[in-house]
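User: I have a new model open and want a quick walk through it. Can you start with the overall picture?

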Amino acid sequence: MESSEEEDDFPSIESIIPQTKVDSLYQSHTEKGIRKLCCELLDLKDAVENLCGNMHSKFLAFLRISEEAVEVKHELIELQKHISAQGILVQDLMTGVCRELEEWNQSSNDVAEIQHEPELPELLEPLPNERNDQKILFLENIDVLVAEHKFEEALEALDAEEKTSAELKGSGNNSSDDVSSYKSALLERKAVLEHQLVGIAEQPSVSYPELKTALNGLIKLGKGPLAHHLMLKFYQSHLQKRIEALLPSSSLCPETFPSTLSKIVFSVISLTIKESALIFGDNPVYTITNRIVQWAEGEIEYFVRVVKENAPSSETVPALRAASICIQASLNYCSILESQGLKMSKLLLVLLRPSVEEVLESNFRRARRAVLDMAESTECCLLTPQFESSLSAIATSSSSMLVESGMRFMHIVEEILEQLTPLACLHFGGNVLSRILQLFDKYMDALIRALPGPSDDDNLPELKEAVLFRAETDSEQLAILGIAFTILDELLPNAVLSRWMAQSESKAKEPNSGPTENVTFNTNASAELKEWRKHLQHSFDKLRDHFCRQYILAFIYSREGKTRLNAHIYLSDNREDLYWDSDPLPSLPFQALFAKLQQLATVAGDVLLGKEKIQKILLARLTETVVMWLSDEQEFWGVLEDTSAPLQPLGLQQLILDMHFTVEIAGFAGYPSRHVHQIASAITARAIRTFSARGIDPQSALPEDEWFVETAKSAINKLLLGASGSEASDTDEDHIIVHDEIVSDSDTVSSLSSMDSTESFASASMAELDSPSNLSDPDN
């Protein structure tokens with residue numbers, strides 16, 4: 001047995017595992033990675049060496065081709081000289097043959113001339129043959145000049161012949177056949193000359209001096225429209241060559257490519273206008289005519305098409321940046337063209353608008369995914385220190401994901417706004433603002449889904465989306481509202497205003513913009529931003545109202561027994577629930593409401609530290625929600641208006657005291673609201689009508705209004721001091737959670753019936769809540 005165990009522990013030599021297998025089994029992942037990296041580096045080295053070798057060989061080939069091109073050019077020049085020399089020899093040969101033929105004709109006619117002696121006047125006249133010789137010599141001279149490409153001399157000779165020749169003027173004695181044949185010969189020479197000039201102008205490699213010479217020649221021949229067409233064709237070809245040379249850089253520099261391209265296109269258009277004025281002068285036929293306008297429009301359309309075809313992916317940030325730079329550069333160049341009499345700004349905007357809107361839509365679609373699909377997004381959110389500190393101040397132990405969502409939202413918006421140039425903001429600012437508003441509205445919907453309670457969109461299956469975070473505690477819910485309000489009130493307006501202020505400063509610096517234009521621009525921008533902020537406020541109001549509604553409904557329907565808010569507490573059969581002895585107090589539900597609001601105010605003071613405005617807005621809206629629910633609750637009023645219900649004056653007094661108490665809660669906490677006052681007054685009036693219909697006289701049954709005010713204030717002080725009724729102290733949730741401060745009778749109070757209360761609701765605190773500029777509820 002021992003020997004077998006030893007054999008198992010020490011296998012024989014034949015079973016030794018090869019080293020390669022050991023390496024493959026026990027080689028660490030780090031070593032494998034290093035080996036793989038070394039192999040890749042060696043492959044990269046080989047690729048770089050091959051690339052360098054290819055570049056060197058291509059460079060040498062380029063130098064060789066350049067040398068061959070120079071040699072070919074010299075050969076062409078020599079060939080041209082040789083052709084010109086051969087043309088001269090042919091012309092000399094033709095001249096010699098013609099002279100010999102004339103001499104032979106003269107010798108054959110000598111006998112006839114001797115027999116018939118002409119009279120002296122006939123001898124003095126030039127012979128027809130001599131005149132024909134002059135014409136032939138002139139035509140031959142024109143042919144030689146054309147063959148030698150001396151177009152200017154040929155044009156001058158033709159012009160001089162037309163001015164000096166009596167036959168061409170119609171005053172000669174020659175037959176009409178001779179004159180017409182001579183004119184036909186001259187027209188043929190002009191046609192040949194025109195064909196030569198057009199050929200030169202249409203050559204792809206023609207230089208500008210050669211083109212100018214050809215165009216001037218065509219103008220002298222009376223072919224001005226043709227010369228103008230050839231000039232536009234030349235600059236069009238020149239422009240296409242420059243664009244084709246620039247196209248390879250579109251993938252290397254996608255953001256600056258449109259700017260460079262616009263510079264090329266508009267500079268060529270501007271140069272064309274200048275050269276047209278230099279060549280054709282002030283002739284209105286060739287200045288800023290339909291021909292130039294149509295040509296420029298075609299080039300701008302081609303420019304926009306090239307920009308769109310070579311633009312980056314429309315969902316990327318470089319695409320938005322490239323579009324903004326394109327708008328800025330193109331419109332600046334258009335302003336230069338306007339100084340030359342050519343207005344192309346409107347056409348350019350019409351052509352660019354579809355592609356720019358497509359880029360904006362794609363970027364905001366990406367923004368919605370980044371903001372709402374946080375689980376799939378891995379982008380790092382880098383905000384300015386001011387923005388980051390504003391959101392981080394709301395962070396709690398359980399709301400890091402909420403703060404990250406707010407940072408992500410502002411990061412996306414900042415990233416988009418940073419890409420916009422001043423002129424892009426000017427012409428597409430409204431589009432950007434509306435899309436930011438849509439993004440903010442979607443973000444508010446996402447935050448609403450994070451709050452407890454059903455939302456308005458839960459009934460639509462297509463709008464149901466996964467909720468990555470659910471706010472259960474008060475601190476988490478307040479953190480949601482704090483983040484949304486911080487974005488609404490501080491971060492988003494500051495980000496947009498900073499961009500729009502830069503736009504306004506840029507507009508003011510433009511040399512062509514006057515004071516009136518700047519004032520109009522600022523007025524329009526201010527009105528646009530004011531309307532935008534109003535819509536932002538409406539989106540935030542959805543979140544705020546959803547929170548307040550679900551919070552108050554949870555408070556009302558989650559309570560049982562004596563603390564449940566319903567109409568039965570105001571009936572005579574519940575007399576023991578009414579505190580109407582020597583020390584009256586509000587009913588238990590309203591005492592619990594006061595405690596709940598005090599508790600929420602304490603939590604809000606910690607979570608929303610330094611954000612008193614949103615604290616006041618939320619607490620005021622919660623108070624409004626209570627009285628609004630009570631005003632619209634048909635079940636509550638159905639019980640009171642039932643003829644079989646046992647109504648007594650004590651129930652009416654308790655209901656009115658509860659309304660005064662609700663108003664005093666808002667006044668005590670420093671968020672008085674005119675809306676609360678109005679709804680409470682309406683509830684009181686309806687209750688009085690209901691009880692009066694059952695035979696209860698309000699005048700005799702109710703104390704003075706001052707008594708309700710003082711009793712409500714006193715109840716608040718007693719609850720703050722912990723001197724509440726015994727029944728309120730018997731329940732756990734009905735205890736009043738208060739601060740340690742005591743409110744004296746001299747504090748600000750409000751009454752449902754006094755004029756002083758109306759004035760108190762218009763105090764400074766009320767101004768904070770009711771002013772639209774402070775983004776409060778517009779209904780207040």
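Predicted model: local features only at pLDDT ≥ 70, side-chain atom pairs only at ≥ 80, totals over all residues.

User: How many helices and strands are in the chain?

Analyst: The chain has 30 helices and zero strands.

User: And what share of the residues is buried?

Analyst: Of the 780 residues in the chain, 41% are buried. The accessible surface of the chain is about 42,100 Å². Carbon and sulfur atoms account for 55% of that surface.

User: Let's do salt bridges. How many are there in the whole structure?

Analyst: A search of the whole structure gives 21.

User: Which residue does Lys 542 pair with?

Analyst: Lys 542 forms a salt bridge with Asp 441, and their closest N and O atoms are 3.0 Å apart. The pair links distant parts of the chain, 101 residues apart. Lys 542 sits in helix α20 (residues 515-557), and Asp 441 sits in helix α18 (residues 422-450).

User: Is Lys 542 buried, exposed or partly exposed? What about Asp 441?

Analyst: Lys 542 has a relative accessible area of 35%, so it is partly exposed. Asp 441 is at 23%, so it is partly exposed.

User: What does Lys 613 meet in a salt bridge?

Analyst: Asp 489. The side chains of Lys 613 and Asp 489 meet at 3.6 Å, N to O. Lys 613 lies in helix α22 (residues 612-632) and Asp 489 in helix α19 (residues 474-509), so the pair ties together parts 124 residues apart in sequence.

User: Where do those two fall on accessibility, buried or partly exposed?

Analyst: Lys 613 is partly exposed because its relative accessible area is 27%. Asp 489 is buried, at 18%. The cut-off for buried is under 20%.

User: Which residues are linked in a network of salt bridges?

Analyst: Glu 315, Glu 361, Arg 365, Arg 368, Arg 369 and Arg 435. One of the pairs is Arg 365 with Glu 361, with the closest N and O atoms 3.9 Å apart. Arg 365 and Glu 361 both lie in helix α15, four residues apart, which is about one turn of the helix. Arg 365 is partly exposed at 33% relative accessible area. Glu 361 is partly exposed at 24%.

User: While we're on α15, where is Ser 345?

Analyst: Ser 345 is in helix α15, which covers residues 345-372. Its relative accessibility is 18%, so Ser 345 counts as buried. The side chain of Ser 345 makes a polar contact of 3.0 Å with the side chain of Glu 338. Leaving out residues up to four places away in sequence, Ser 345 touches Leu 331, Cys 334 and Glu 338.

User: What is Ser 262 in contact with, beyond its neighbours within four places in sequence?

Analyst: Ser 267, Phe 303, Ala 329, Ser 330 and Tyr 333.

User: What does Tyr 208 touch?

Analyst: Phe 234, Tyr 235, Glu 275 and Ile 279, not counting residues up to four places away in sequence. Tyr 208 is in helix α10 (residues 208-220). Tyr 208 counts as partly exposed, at 26% relative accessibility. The C-alpha atoms of Tyr 208 and Met 231 are separated by 10.0 Å.

User: And what do the buried residues of α27 pack against?

Analyst: They pack against α21 (588-607) and α24 (649-669). Phe 708, Val 709 and Ile 716 are among the buried residues of α27. The 17 residues of α27 (residues 705-721) should span 24 Å, and the end C-alpha atoms are 25 Å apart, which agrees.

User: Last one. Which residues form a nonpolar patch on the surface?

Analyst: Leu 37, Leu 41, Leu 44 and Val 48, with about 370 Å² of accessible area together. Leu 44 is in helix α3 (residues 29-108). Leu 44 counts as exposed because its relative accessibility is 51%.

Methods:
Residues numbered from 1 in each chain as written. Heavy atoms only, no water. Helix = DSSP H or I, 4+ residues; strand = E, 2+ residues; numbered from the N terminus. Buried < 20%, exposed > 50% of the residue type's maximum accessible area, 1.4 Å probe, protein only. Polar contact = N/O pair within 3.5 Å; in protein donor to acceptor, adjacent residues only side chain to side chain. Contact = heavy atoms within 4.5 Å. Patch = residues over 30% accessible without salt bridge, like charges linked within 9 Å, V, L, I, M, F, W, Y side chains within 5 Å. Areas by Shrake-Rupley, 256 points an atom, 1.4 Å probe, with all protein chains shown as cover. Salt bridge = Lys/Arg side-chain N within 4 Å of Asp/Glu carboxyl O. Expected span 1.5 Å × (residues − 1).
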